[in-house]
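Subject: Structure handover

Hello,

Here is the structure to look through. Notes on what was found in it follow below.

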Amino acid sequence: MSLLAIDNVSKTYGRTRALKGASLTVARGEVHALMGENGAGKSTLIKILAGVVAPDTMEMTVDGRPVALRGAQDAFDLGFRFIHQELNVVAHLSVAENMAMGKPCPRRFGVAVDWPALNAQAHAALDRLGVGHIDPRTKIGRLSAGDQMLVSIAGALSATGEGARLFVMDEPTASLTGDECDKLFAVIETLKSEGASVLYVSHRMNEVMAICDTVTVYRDGRHVATKPVSETGKDQIIRFMTGRDVADAFPPRTTPVGERVVCRVDDVSTEVLCGIDFALREGEILGIGGLANAGQSELLQMLLGLGTRRSGRVEIASAPGLADPSDPWTHGVAYVPRERRREGLMLARPITDNVVLPHLTALSRAGTIAHRRRERALTAEMGGVVRLKSDGLAQPVYQLSGGNQQKVVFARAVGAAPRLLLLDEPTRGVDVGAKFDIYTLIRELSGQGCSVVLTSSELTELIGLCDRILILLDGRQSEIVATDGLTSADLLGRFYDEAHGGHAAA
Amino acid sequence: MAVITLFRRYGTLIGFFAIIGFFAWQLPDTFVTPRNLINVSQQISMLAVVAFTMTIVMVMGDFDLSVGSMASLAGVVAAVLFAQGFPVWAGVAAALAVGLVGGLANGFLVSIIGILPFVATLGTLTILSGVAFVVSDGRTIFGRDIPSAFSGFARSGISLEPVGLAGLSLPWLTVIALIVLFIVWFVLEQTIYGRRLYAIGGNREAAKLAGVKVKRLRMSAFALTGLGAAIAGLMYASRVASANPTQGSGLMLDAIAAVFVGMTMSEEGEPRVLATLVGVLILGILDNGLTQMAVDSYVREILVGGIVVAAVAFSSLSKQTR
Amino acid sequence: MFRPIATMAAGALALAFAMAGPALAQSVAVITPYLAQPGTQFYVDGFTAEAEAKGWDVNVVDTAGDVAAVISRIEDAVTQSVDAIVINVDPAQVEAGLQSAADAGIPVVGMDAGSHPLLATNVTSNGYAMAAETAVYVANRIGGEGRVVMFVFDAFPPVQIRGVIADAVFANHPDIEVIDRITPDVQDGGIADSRARMEALLAANPEAGSIDAVWAAWDQPALGALQAIEDAGRADEGIVIVGMDANPQARDAIAAGGNFEASMAQDFVGIGARAADAVERLVNGEELRQSVIYVPTKLITAANVDEQ
């Protein structure tokens, strides 16, 4: 018998119909993947299950009995536990305090917190996840993003003893390294063997193939297919998701890299980076590779003029080093930040305002008065370039799907025909279709002579898209490799060990 | 469904017209008359100027608690100079300069030093109030010390004879409020400066990374708010033909309330200066109408506070159910 | 579903209307920025008691310290065509409102407000007479000769006139010497600084009998001087202290029978009641010749301090 069966779920936000009579059935003790492009309705479904969004219609049974879900407490009582993609931690509290949040806390004399017991509880839960080395007393803000995610997961898992039956994991591996992912997968196996079910939402096809039993695909708010993983394959799932065949390939380079140097970095060191040294030519695409948090984002921000350089020189578009984050845009440099919601978008404001923000002066009358018609024209044009889908340019950005939000950030970046484009994880949390659009766009810009520096945690993306890859080992530039003939395994090896550089060159 | 959407979107505006309609019905002979409406416009002019310029910082998600003390200080500075025989223009210029400098100081604390606006402007509120006491020696400056050219300003205006309203004139205080309204509207809605302020309010980090000079803009916005407070302080001093170190203190909370009421009129809860005008009008009309209906002052305060809370509560409730 | 602001506002206003009551022929607006202050409450209570006895409809408006709002509310009352307006604020500051009332022919009466050409009359206590009474009390108690300390505040006109009168009374006694004329810092109400100034003066005049009396233009300095004298252990030298206004703390000190011997009580309730009389005369079409109407004051000593 199924643990959870829902049917006929619909939800409308304003004019957007996020779910249109979708269904989902999760069996006991299975790991069930939920896939779909951004905007397919996965996030809305998760919010409905968590009790934080009320559906317009829904029929739901748990253990075959119809149940109503009126709020987050109901979801908790039904044994649903949630692990969210976005980190949800209080940075200045300890690991143990973060894990205990929202749960009954061990006490002494009824009032005082029993710290030893609290820390012991936390340690046990962390140990179970294979990360017993994390001290429960550490302030969580000091941990890496990956470790923070593992702590959040451990916190949710430690609730198992209190009747947890279904774990909903939304992109749990987004900020984990390969090693950390393996630890999580081991825990998922344990949960499964204990009889709990897991609803696993991810864009990462390989993970789904490796750890899931069943896969359900949504498209445009509707259920498309549910199949045992063993009876389907990557290509078929992508077809279900997109409704069409998408080549799992990167658009090839069609124009040669130019000769002129657009950006020259001479032996730059900062607090995080060391010995960064490269010259970027017109139309060239340079990837920044390395393990998680090796300094990739910091390198892009250094190029933007953020942070303090300890030594070295940066010359961009024949202007001397940028000192202020407002300079790059006036020097033909555009930037797509890593966290689009936190660093990129004004969510409550219209698409137009988001796109034109860095270009206001260029579009204005006499450098002072806003020229709305030109602003709308630019937004419409750039929206077309990035293949943005919306209900009109006045629509607030929060109403868009993740992929379309990313396209808004891209539309802003390409708005003034940049000569140097800095992209921090440009396809993070973006679905397959939007990903391909973004790849095509990067190629087009490069073909028009725009140089690109991009970071990515996907090896295939670095190899498929970039001409060369600068490898960072803990902030230090170890080498720059050409991507011709480079394999994922080779590249990954270079992330771990400096010696590999010599090996590949031999 | 459609009716609910209508109320959600225009609830405050409907409430505003309901209040006008109610007074027009209860006070048929005295409320909707040219003279009374002109009176109201003059009565709210000082609050309006503070609220309009307060909108500038609130657009960025900041606010300024020091406007009341700033208004008092500006009035006192001008009056002290008048008492020492300086001409009217000198006193007015000095008061405006004090407003600008005080506003810049707020902006410096908030944007360069990085103190929360609540704490920084609470501090300057106290400092400015203390300075106003020191400058004035704690006294009310009035009578012969105030030149009649200055106090006469608030009692005169543009004659409305040509438009058929014999014996009435549009008070200068109202004219100033209208000019400030136009300038703030133009700056916020029509210039790229205003667009950038809204961007800072939308997401400060994103605005910075998109090339907006956040620190400089925040500082300048606080300076404009300080200048507005000083203008209102001068208007107040002219109207009461005197200045004392506490007379502007009532303006701050009313101005913030007016902006909040206005914010309920925007779908995304953003401050808009024309919406602030509606907020100011609601407060001013309630005072005027309820006085005419001889409602007890304290009951009036309860009503005004209740209506502000109700407007904001309704607006956030309708956002939660969205 | 119908629960928007519009409904609430309409409901609230309907409530307000219900409380407003019907408009009578004689309606009077009392407008003050200072209703929270105790003295003002007595004036207003005295006025409303008298007005209710006359069957008038009185609307008391408090602008909570906002003087410009007093002008606004006067304008509103004029619009509403009340029969008379009573204010309790410096008329020079609300001249714009007085002008609009004058234009509409509505009489305005001041309660302890100050004189002004646009006020029909101002009802108040006679500050000259009050100061003369306490100064003469001091002069008589010390037998027309001795050393006197004065506490004054010339920056505030109503208090300044008290000082002038006391100066004249003491100057008329050749054997009375004013050894210091102190203006205390009043930021904290005046007690603390007056006490400090008195302590310094006592230290400078250590011999018993070197100070004979303290005359204070209001009660707070008198109380400060009393504390200084008692703490210096010189309470038995017979230094005579007088204050003015007879506030509760001063009455306690007088009742205790120590150095603090006398103060002047204003008849606040009486001021309110006489203001009501003035309004009645004005509404009946009478022209008031007196621009100021004085209400008698009373010297408070240990003998009558317990009377109310």
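In what follows, Ala, Val, Leu, Ile, Met, Phe, Trp, Tyr, Cys and Pro count as nonpolar, Asp, Glu, Lys and Arg as charged, and the others, Gly among them, as polar. On that basis, the lining of the largest cavity has four nonpolar, no polar and three charged residues. They are M346(A), R349(A), D353(A), L357(A), L360(A), R195(B) and A199(B). A cavity is a set of points, on a 1 Å grid over the protein atoms alone, where a 1.4 Å probe fits but cannot get out, and lining residues have an atom within 4 Å of a point.

The model is predicted: local features need pLDDT of at least 70, side-chain atom pairs count only at pLDDT 80 or more, and totals for chains, interfaces and linings use all residues. Residues are numbered from 1 along each chain as its sequence is written, chains are lettered from A in the order in which they are written, and side-chain values use heavy atoms, without hydrogens and water.

In chain B, helix α5 (residues 88-113) packs against helix α11 (residues 214-240) at an angle of about 145 degrees, with the axes 7 Å apart. Helices here are DSSP runs of H or I, at least four residues, numbered from the N terminus; axes are lines fitted to C-alpha atoms over the stretch in contact, and angles run from 0 to 180 degrees between N-to-C directions.

Of the 27 residues of α11(B), 20 are buried, so this helix is largely enclosed by the rest of the structure. Buried means under 20% relative accessible area (1.4 Å probe, protein chains only). After α11(B) comes A241(B), with a positive phi near 50 degrees.

Regards

Definitions and conventions:
Helix = DSSP H or I, 4+ residues; strand = E, 2+ residues; numbered from the N terminus. Buried < 20%, exposed > 50% of the residue type's maximum accessible area, 1.4 Å probe, protein only. 1 Å grid on protein atoms, 1.4 Å probe; cavity = no way out; pocket = protein on both sides within 12 Å on 5 of 7 lines; lining within 4 Å.
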